[in-house]
Every structure is written in structure tokens, then in C-alpha cells.
Amino acid sequence: MKFKYIILLILFFNQSAKGAENLFLYKGTFSRSIKIEELSKFKLTKKSSKKLKNLIKITGQKEKNLHKILSTKIDLPIKTSSKLMNSRIGEVFLSRLSKIIHPNKISDIKLSTKAIRSGLLIGSFNNNQKINLIDFLKAYPNKNIAFDLNALSKTLKKVESLKELIEFYADSPFKKLKDGRSST
């Protein structure tokens, strides 16, 4: 446990520790990379570079949606989020997330979960306990970060089907079962 805090302190105060510089996107045999700085400039100016325009077109994304994704800030209190990420459920969440986001060319789940945790905590620390995707990428402790778009798509489909299942059971059939009433 103390080892984790020592690593975090080294990362906080070590001037040579840098965040991600390149984002690699993978989808099957398709792979492209873009500099984090290009994404950051797009977030600030809403003007995409030629490379980013091509990437947006290839991935079927819309500029407006991408800008919203990059700009959305969320509150991430360090103490609470650290406790959550080090809990059993947090570990499960991070290990699943590490199948989508990981250091490029490295698929070690333990290393990936630690990198995600560090990116979130350092990004939150550097930005008054608020974070957006760019803050996370800039704080991610590896020069090259990979996003597996296939894994992301599968996860989003699971989330959508889970949402539909919850909505189904939240409607009348569940209420009837809960209240002990039956439809017959």
C-alpha cells in the first residue's frame, strides 16, 4: 500500500515524468495515431487539423460530438476517487477499462489499471479535482496510449443492453412482482 503512494509522489514531483504524447486508435486491422497536442488544440479552438478531419471521417465521428467528449469536465475528488479505484468494484471497473485503454503495444492488465488510475488521479490533482479526457491523456504515465475501438464498441453495446434491461425491470412487470401482484 505504501509503495503505491511512493510511486504517486514520485510522479507528482518528478519533472521528467510526462504524460501521453500520442494516441493510437485501433479497430481490427485499422490503426491510426494522432498527437495529444492536436486534440488539445481542437478542444481549445474547435478547429480540426487535416489529420484530425481525416480521422473523424474514418471513425464516423462528428466534430461537434468529439469536441463535446474532449471538453466535458467531471468532478473527481482525489480522496474519494482514490478509495473507489482501490476498492474491489473499482479494481473490476479499471481492469475492464484497461481492455479499452492501455499503453500502446502493452496488454498487461495490472500495468494498464495502474496507468489508468495514475492518469485519473494526477489529471484530477493538476486540475483542481476536475478532469476531462485531455487532462487524463496528458497525465497518463506512458508516452503512447492506445484505444481499442472494437472493445469500446462492445462495452458500449453491453452498457446499452444493460440500460434497456434495467428500464424493462423498472417498468410495470417488476413493480407487479415487487408489490406481490400478478397480472392473472
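**Close-up views of a predicted model**

**Figure 1. The buried residues of helix α4.** In helix α4 (residues 63–71), the buried residues are Leu66, His67 and Leu70. These residues span an arc of only 100 degrees around the axis, and therefore sit on the same side of α4. Lys64 and Lys68 are exposed on the other side of α4. The packing partners of the buried residues of α4 are α2 (36–45), α3 (50–59) and α8 (133–139). As in every view that follows, the coordinates are those of a predicted model.

**Figure 2. The buried and exposed faces of helix α3.** Leu52, Leu55 and Ile56 are the buried residues of α3. Viewed down the axis of α3, they fall within an arc of 100 degrees, so they line one face of the helix. The face turned away from this buried side carries Lys50 and Lys57, which are exposed. The cover over the buried residues of α3 includes the strands β1 (22–27) and β2 (30–35), together with the helices α2 and α4. Just after α3, Gly60 adopts a positive phi of about 75 degrees.

**Figure 3. The aromatic pair Phe136 and Tyr140.** One aromatic pair is found when the whole structure is searched. The pair consists of Phe136 and Tyr140 in an edge-to-face arrangement, with 5.6 Å from centre to centre and 70 degrees between the planes. Both Phe136 and Tyr140 are buried.

**Figure 4. The largest nonpolar core and the surroundings of Ile145.** The largest nonpolar core has 31 residues, of which Leu23, Leu39, Ile101, Phe136, Tyr140 and Ile145 touch the most other members. The element that gives the most to this core is helix α7 (residues 109–126), with four residues. With neighbours within four places in sequence left aside, the contacts of Ile145 include Leu23, Ile101, Phe136 and Tyr140. Ile145 is also in contact with Ala20, Asn22, Phe24, Ile36, His102, Asn104 and Leu137.

**Figure 5. The crossing of helices α6 and α7.** The axes of helix α6 (residues 88–97) and α7 come within 8 Å and cross at roughly 105 degrees. Helices α6 and α7 are therefore roughly perpendicular to each other. On the α6 side, the contact is made by Glu91, Leu94, Ser95 and Leu97, and on the α7 side by Ile109, Thr113, Ile116 and Arg117. Thr113, placed in helix α7, is buried, with a relative accessible area of 7%. Apart from its neighbours within four places in sequence, Thr113 is in contact with Leu94, Ser95 and Ser98.

**Figure 6. The contact between helices α5 and α7.** Helix α5 (residues 78–85) and α7 have axes that come within 10 Å and cross at roughly 175 degrees. Helices α5 and α7 are therefore roughly antiparallel to each other. Ile78, Ser81, Ser82 and Met85 make the contact from α5, while Arg117, Leu120, Leu121, Ser124 and Phe125 make it from α7. Arg117 is also among the residues of α7 that make the contact with α6.

Figure 7. Lys46 is located in the loop between α2 and α3. Phi of Lys46 is near 65 degrees, a positive value in a residue other than glycine. Lys46 is exposed, with a relative accessible area of 56%. Asn128 occupies the loop between α7 and β5 (130–131). Although Asn128 is not a glycine, its phi is positive, at about 55 degrees. Asn128 is exposed, and its relative accessible area is 71%.

**Figure 8. The protein chain as the setting for the close-up views.** The protein chain contains 10 helices and six strands. Of its 184 residues, 31% count as buried. Among contacts between residues at least 6 apart in sequence, 62% join residues at least 24 apart.

Terms used: Residues numbered from 1 in each chain as written. Predicted model: local features only at pLDDT ≥ 70, side-chain atom pairs only at ≥ 80, totals over all residues. Heavy atoms only, no water. Phe/Tyr/Trp six-rings, centres within 6.5 Å; stacked < 30°, edge-to-face > 60°. Buried < 20%, exposed > 50% of the residue type's maximum accessible area, 1.4 Å probe, protein only. Core = buried A, V, L, I, M, F, W, Y, C linked by side-chain atoms within 4.5 Å. Helix = DSSP H or I, 4+ residues; strand = E, 2+ residues; numbered from the N terminus. Contact = heavy atoms within 4.5 Å. Arc of directions from axis to C-beta. Axes fitted to C-alpha atoms, helices over the stretch in contact; angles between N-to-C directions. Parallel < 35°, antiparallel > 145°, perpendicular 65-115°, else oblique.
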